[in-house]
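Me: I am new to this structure and would like to learn how to read it. Could you walk me through some features, one at a time?

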Amino acid sequence: MITNKKPRSSDTDSIYMKDDRTEMSEDDDRSPSPNSITHDSRPTRTYTTGSGPGTGPGSSSVPEYLAPCPDQVLENVLENVLLFLTSRKDRNAASLVCRSWYRVEALTRSDLFIGNCYAVSPKRATSRFTRIRSVTLKGRPRFADFNLMPPNWGAHLAPWVSAMALTYPWLEKVHLKRMSVTDDDLALLAESFSGFKELVLVCCDGFGTSGLAIVASRCRQLKVLDLIESEVSDDDVDWISYFPDTGTCLESLIFDCVECPIDFDALERLVANSPSLKKLRLNRHVSMGQLHRLMAQAPRLTHLGTGSFSPSEDVGQGEQGPDYVSAFAACKSIVCLSGFREIIPDYLPAINPVCANLTSLNFSYANVSAEHLKPIISNCHKLQIFWVLDSICDEGLQAVAATCKELRELRVFPFEAREDIEGPVSEVGLQAVSEGCRKLQSILYFCQRMTNAAVVAMSKNCPDLVVFRLCIMGRHRPDHVTGEPMDEGFGAIVMNCKKLTRLAVSGLLTDRAFAYIGKYGKIVRTLSVAFAGDSDMGLKYVLEGCPRLQKLEIRDSPFGDAALLSGLHHYYNMRFLWMSACNLSNQGCQQIAQALPRLVVEVIKHEDNLDMDENVDTLYMYRSLEGPRDDVPRFVSIL
Amino acid sequence: MSPEDGSKLLESDAASVSFKETELTLGLPGESRGLALIEKTSGKRGFSETVDLNLGRSSNVDSDHKKYSGESETDVQNMAKPPAAKAQVVGWPPVRAYRKNAMKGCKYVKVAVDGAPYLRKADLEMYNSYQQLLNALQDMFSCSNFTIRNYLNERAVTSQEVNNGVEYVPIYEDKDGDWMMLGDVPWKMFVESCKRLRLMKSSEAIGFAPRTPSKCSSSN
């Protein structure tokens, strides 16, 4: 007989039904690439099988022969099949088939993805999934990055690492985003997991070089140590020197965000002792001369972050200096370049030898002009990912459009992040990119002025767009040619880009823009709104029209309680909703909290405004199996 | 932080009208949408969290913390001000503090001194005026005995050991490849166009007349 009981709760699976991607910058549904998952190919249980009467010595743990019931055989077979399921979506679906499948799926899952660390407790997660090798945890909401939330809000790693230390002795990988990580957490991690291989910290804080030193010295199997846009305090510890002198298995070492100086000799030794090293991203304290020496030690690098890309203080006048061109020519495997933190543009041509092979180039910290860029970019025919500063101007973007026909992702950051300046890039650059880079999938574009026409053009020229994030830095700025709101442009994007899942809007927008989004944005999962809309209708359109919406972040827009209430049917399907400086009242939020008991409704106040009053400064709400968290700071009240 | 932001808050009405036309439209023509918005959203908080945000200068969590908690004081001040004021807003544009911090210190130029065998590097973003830059150059090359003729004030910036001081004239190469005297253009414009600096011996500065606005080609 096959049992057919449904598992306890489909809520739990929706918590684990997360987006997946090997990089953390976007969320989407793509399955991870096979080599990012460790498969446990050993059978996870020993069952007695119907192999014949009697069992030989050592064949199984059960001394007697027990005829297995069909259920057990099924489960055994199922295990061996489910081992190969990698996509979270597939696994979550499989776990809903029946109790047996639920159990087996839990046993065979090796990657745990928790999109909101407060949606489920460490205990619950570690009880259900007992054989995890890789954990991904995300903490703070994204708007916290822009100072919209006081520090010490939460997202502490500590309870997670404590629980995992007990239940996952074979843990190999930890990927964290926007979590608070202390040195003690890192120490516990290093001590508890003897086979630990991979630590990736994106936008994290709370730790310092002493924590890094512990990881470096204790994690002897460490292959990946990636610190990305994290804040690392300088404890005056020379952490690089804590890696073992005898050699490491390091494949990736990314520390460009670490602002502390490092001991170069220790770094050089480390690189020399790390024969598997493929990815190396240096911080800005590494000079060009030092880079040159490191490149000589690691000619097989595929990903290089070049550090400061300027010479150290004393360079002989009239001397050539080291031959940087040859250094780059020798590194034939480089496909990804970044760094250039303090670039002196004269040195840029040194990278020419690798341009033809580059698939990813990050100039987003390099203050270079169009004139500097053009000779370089004209060789980058294979470029797929390009991050750059707007210092290259529309002219630079035109050069990109002319050459980079394979471009998939473009990010144009502002050199000066202000509202009241002229701005070097505009609709001209956007139009050019749309015409030249037809395969574009993801764009982030900061500008001071824009037109609907250019946005419409992009919607038609780039049908593969999955991510469209336009930030017109002047608040409420209309189409600067027609004076119209930007409704039509964004409308065209949701209408024409059938694959669009992530959208960020800006400029002058009426409720009409939201009507378009609600009508056409049927697969939009992430929406970011700032200084937009006229009335509650705007938010209503979105909440009623976008069934796939998972993450909604809104600031400074005139949406009130009525709009909030219109989303009651949907909030359990979302990861979170953020609304700050809108028109919400305590009463409205209270209604939501009462109607939806599995929602945690946090009202975050400014630290100097802790009186309860009717206006809600910031609402952050998310589904959770655990109810109110127990680490709430005093400026947060949970309704 | 540049003083320009502060002064915008005190614009005259006439200036603010034309400013409004060219820069910010708070709503569709004819609507007082912007004002209505401010009334609606202002309870304890103003529509714009009006902290004078040192974009590009803020560097650590402490200062962020202060900014965040310092909001309400400036809120009260700014609610009395005209809503068209281009006040800075917390977290807008949405660029992470990390990236903003990395942008400061982004304009490095080589500094060459005639007769010295070594080049130095100077970050023009670190200074707010010619005087600061000259002082820094003075410090940078303090091992040499020299004075930099300060054409701005007709006053020589002297080093400590002044006995055998050789006078140097600071010049820079601009975007067009021309060598220019320091001080002729506004500081910001200079930062933008300067490609490299050279401290040329006064004795060689024949082709450069003091305070000449027109371009001179390099005597080398």
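Predicted model: local features only at pLDDT ≥ 70, side-chain atom pairs only at ≥ 80, totals over all residues.

Reply: Gladly. Let us begin with a term: helices (at least four residues) and strands (at least two) are DSSP runs, numbered from the N terminus.

Me: What is the form of the peptide bond from W92(B) to P93(B), cis or trans?

Reply: That bond is cis, and its omega is near -10 degrees.

Me: How many helices and strands does chain B have, and in which pattern do they follow along the sequence?

Reply: Chain B has eight helices and six strands. Following the sequence, the pattern reads α-α-α-α-α-α-β-β-α-β-β-β-α-β.

Me: And how many helices and strands are there in chain A?

Reply: For chain A the count is 21 helices and 24 strands.

Me: What share of the contacts joins residues at least 24 apart in sequence?

Reply: Take contacts between residues at least 6 apart in chain A: 72% of these join residues at least 24 apart. In chain B, residues 24 or more positions apart account for 55% of the contacts with a separation of 6 or more.

Me: Which residues of helix α19 of chain A are buried, and what do they pack against?

Reply: An α-helix has 3.6 residues a turn, so residues three or four places apart point the same way. In α19 (residues 536-545) of chain A, the buried residues are G538(A), L539(A), V542(A), L543(A) and G545(A). These buried residues pack against α18 (511-520), β19 (526-530), β20, α20 and β21 (576-580) of chain A.

Me: Where is D556(A), and is the residue buried or exposed?

Reply: D556(A) is in the loop between β20 (551-555) and α20 (561-565) of chain A. Its relative accessible area is 2%, so D556(A) is buried. The phi of D556(A) is near 50 degrees, a positive value in a residue other than glycine.

Me: What is the phi of E229(A), and where does the residue sit?

Reply: The phi of E229(A) is also positive, near 50 degrees, in a residue other than glycine. E229(A) sits in the loop between β6 (224-228) and β7 (232-233) of chain A. Why does E229(A) count as buried? Because its relative accessibility is 19%, and the cut-off for buried is under 20%.

Me: Where is Q297(A), and which residues does it touch?

Reply: Q297(A) belongs to helix α10 (residues 288-297) of chain A. Leaving out residues up to four places away in sequence, Q297(A) touches E268(A), V271(A) and A272(A). Q297(A) counts as partly exposed because its relative accessibility is 35%.

Me: How far apart are Q297(A) and D90(A), in sequence and in space?

Reply: They are 207 residues apart in sequence and 43 Å apart in space, C-alpha to C-alpha. As another pair, D323(A) and A350(A) are 27 residues apart in sequence, with 8.5 Å between their C-alpha atoms.

Me: What does the UniProt annotation "domain: COI1 F-box" cover?

Reply: In the unreviewed UniProt entry, that annotation covers residues 71-110 of chain A. Over this stretch the chain is 75% helix and 0% strand, and the end C-alpha atoms are 23 Å apart.

Definitions and conventions:
Residues numbered from 1 in each chain as written. Chains lettered and ligands numbered in written order. Heavy atoms only, no water. Contact = heavy atoms within 4.5 Å. Buried < 20%, exposed > 50% of the residue type's maximum accessible area, 1.4 Å probe, protein only. UniProt positions renumbered as here; feature names shortened; annotations may be inferred.
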